[in-house]
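Please read this report alongside the sequence and the three-dimensional view shown below.

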Amino acid sequence: MSTRPEARRAFLRAGSSLTDEEAQRFYATRVADYARLLGIVFGGMYLVGVVVALLFARDRFWAVHTHPAKLAHLAFAGGSLVLSKVVRRPACPRWFVSASDGALPINVALVVAILAHSTPVGYGIHLVPLLLAALVLILRAGLVPSPPWRTALVSALTSVPSVWACTAIAMRDEELMAKLGRDWPTTAVPPWFGIAFGSLIWCAALTIATTYVSRVIYGLQREVQTAQRLGQYVLGELIGEGMGAVYQAQHALLRRPTAVKLLHPDRVGPQSLARFEREVQITARLTHPNTVAIFDYGHTPDGVFYYAMEYLEGVSLQELVERFGPQPQGRVVHILIQAAGALAEAHSLALIHRDIKPANMLFCERGGMPDVVKLVDFGLVKRVGPSNDPELTQADAITGTPQFLAPESIIDPSAVDHRVDIYGLGCVAYFLLTGKPPFEGKSVVEVCGHHLHSAPQKPSERLGAPLDAELEALVLACLEKKPDARPRDAAQLLSTLSSCAARLPWTAEDARTFWAGAGRG
């Protein structure tokens with residue numbers, strides 16, 4: 001827990017307990033919103049005065065609207081709106097944002113107090129400073145995330161000119177009444193003292209109320225920040241959901257773009273949580289450059305399990321085909337070689353993915369090289385061989401995505417081996433070449449029936465254009481119903497793909513030309 005000096009330094013640095021640049025911009029945005037709202041309020045007061053003068057005092061219109069009070073309304077409206085624009089700018093210094101936050105209500109109270117004191121005698125004029133002070137302080141407490149001690153200080157300083165104005169106005173009115181020969185009711189204390197004491201009580205209550213409101217709102221903000229912080233990672237935008245929720249995040253110290261996947265125990269059963277933890281433990285062992293890298297994992301105090309992985313900016317193969325249609329053969333071979341290499345490492349560790357599909361293969365740029373494939377989402381990963389946890393195996397019954405599901409995954413999910421990934425990669429290759437999955441249907445049952453009993457149409461026939469014979473034969477071999485009829489492993493698949501690559505090259509320059517034409521530069 002931060003000490004008071006540390007908390008004060010944090011506030012002076014960022015206007016709140018927020019510690020990073022994004023949080024500082026949030027604080028600046030709220031101060032800008034506060035300034036803009038004050039501008040709207042004072043601008044509205046001026047416009048109301050214009051309407052009233054037009055309706056009831058046309059002969060005195062210009063005299064009324066050149067009065068210092070009206071000009072002050074207009075000045076505050078314009079100044080506050082300009083300040084809101086300045087504070088919102090990214091280049092605005094932190095000290096200026098913090099100073100503007102405190103100066104706005106204090107200056108309003110000071111000017112209103114001076115104007116009220118200079119206004120001729122009028123019924124209830126001493127109440128104006130108190131009411132406007134209450135307005136600006138309540139708006140600030142509700143809008144600006146501020147530590148309670150700072151809110152108390154700003155409220156107290158704002159109250160000083162209001163109490164002074166009430167006291168001075170009461171004393172002035174008492175003197176005027178005496179000159180006119182009108183006696184005020186006899187009391188134990190002078191009448192002005194009662195008004196001064198009442199205004200002091202009002203401002204004290206206002207300070208307590210705004211401090212409490214600020215404490216509640218500031219506390220809620222801190223709770224949200226804590227809820228969004230997992231270990232050293234601060235969560236940002238939700239970028240995907242599946243077995244767990246995936247957020248864009250940032251390491252608090254390294255400032256490295258990261259994706260954090262998490263699963264809350266209240267939302268799933270213990271079996272899913274155990275499977276989720278197994279996912280990260282297994283995936284962390286994989287080091288192939290075409291497999292998403294795992295940085296860290298752990299549990300939060302309230303039991304949320306999470307892991308941090310490299311953040312990938314790009315498109316999935318699903319999005320690639322949806323946007324640009326069937327892909328060139330050379331590019332398909334280039335993609336398959338990378339994916340097969342990632343699977344070869346997993347299979348060498350007796351691990352199978354079981355959910356190979358275009359949506360789980362991301363296309364991005366790494367180290368200046370375009371068209372780099374990253375295999376992600378090992379949430380359904382399984383160790384080949386007898387399971388040491390039957391409950392986890394039962395929970396995995398018929399796992400995967402129907403359009404890319406191997407026949408044996410439908411018949412006996414507990415007996416599958418690495419060749420289900422070969423079948424899934426064949427489905428991906430078919431999708432990339434034709435723009436369609438091998439089998440489609442109106443229901444999951446119909447699609448699964450096709451996987452079990454229907455022979456896929458040749459990709460060249462589906463596409464309506466000739467394809468490389470060896471590549472087409474390899475894709476169809478991967479889609480064989482019997483696992484023994486498919487390539488025996490990813491290594492054999494890579495050997496055939498290398499032969500295809502010699503005839504169907506796809507270079508980095510080809511990729512850059514494609515993305516330049518697609519408007520991505």
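## Basis of the report

The structure is a predicted model, in which local features need pLDDT of at least 70 and side-chain atom pairs count only at pLDDT 80 or more, while totals for chains, interfaces and linings use all residues. Residues are numbered from 1 along each chain as its sequence is written, and side-chain values use heavy atoms, with hydrogens and water left out.

## The chain as a whole

The chain holds 19 helices and eleven strands, where helices (H or I, at least four residues) and strands (E, at least two) are DSSP runs numbered from the N terminus. Of its 521 residues, 45% are buried; buried means under 20% relative accessible area, exposed over 50%, and partly exposed in between, with a 1.4 Å probe and protein chains only.

The accessible surface is about 25800 Å², and carbon and sulfur atoms account for 61% of that area, as computed by the Shrake-Rupley method with a 1.4 Å probe, where for residues only the protein chains shown count as cover. Among contacts (heavy atoms within 4.5 Å) between residues at least 6 apart in sequence, 70% join residues at least 24 apart.

## Strand 4 and its partners

Strand 4, residues 257–263, is mostly covered, with six of its seven residues buried. It pairs in the antiparallel sense with strand 3 (residues 245–251) over six bridges, and also with strand 6 (residues 305–310), again antiparallel and over six bridges; two strands pair if DSSP finds at least two bridges between them.

His251 belongs to strand 3 and is buried, with a relative accessible area of 11%. Apart from neighbours within four places in sequence, His251 contacts Gln232, Tyr233, Arg256 and Thr258. Its C-alpha lies 9.1 Å from that of Leu235, a residue 16 places away in sequence.

## Aromatic pairs

The model has six aromatic pairs, counted where rings of Phe, Tyr and Trp (its six-membered ring) have centres within 6.5 Å; planes under 30 degrees apart count as stacked, over 60 as edge-to-face and the rest as tilted. The rings of Trp95 and Phe96 have centres 5.7 Å apart and planes at 85°, so this pair is edge-to-face. Trp95 is exposed, with a relative accessible area of 60%, whereas Phe96 is partly exposed at 26%.

Phe324 and Phe514 are likewise edge-to-face, because their ring centres are 5.1 Å apart and their planes stand at 75°. This pair links distant parts of the chain, since Phe324 lies in helix 10 (residues 317–324) and Phe514 in helix 19 (residues 508–517), 190 residues apart. Both residues are partly exposed, Phe324 at 29% and Phe514 at 21%. Ring pairs join Phe324, Phe363, Phe514 and Trp515 into a cluster. Arg331 lies over the face of Phe514, at 3.9 Å from the ring centre; a charge sits over a ring if NZ of Lys or CZ of Arg is within 6 Å of the ring centre and within 35 degrees of the ring normal.

## Nonpolar cores

A nonpolar core is a set of buried Ala, Val, Leu, Ile, Met, Phe, Trp, Tyr and Cys residues joined through side-chain atoms within 4.5 Å. The largest has 45 residues, and those with the most contacts inside it are Leu317, Met361, Phe363, Leu425 and Leu493. Among the elements that give two or more residues to this core are helix 10, helix 11 (329–348), strand 9 (361–366) and helix 14 (419–434), and helix 14 gives the most, with eleven residues.

Leaving out residues up to four places away in sequence, Met361 touches several residues, including Leu317, Ile335, Val373, Leu425 and Val428. Apart from this core lies another, of 24 residues, among them Ala35, Leu38, Phe42 and Ala134.

Thr207 lies in helix 8 (residues 191–227) and is buried, with a relative accessible area of 14%. Beyond residues up to four places away in sequence, Thr207 touches Ala152, Ser155, Ala156 and Ser159.

Ala350, in the loop between helix 11 and strand 8 (351–352), has a phi near 65°, a positive value in a residue other than glycine, and is partly exposed at 28%. Arg354, in the loop between strand 8 and strand 9, also has a positive phi, near 75°, but is buried, with a relative accessible area of 8%.
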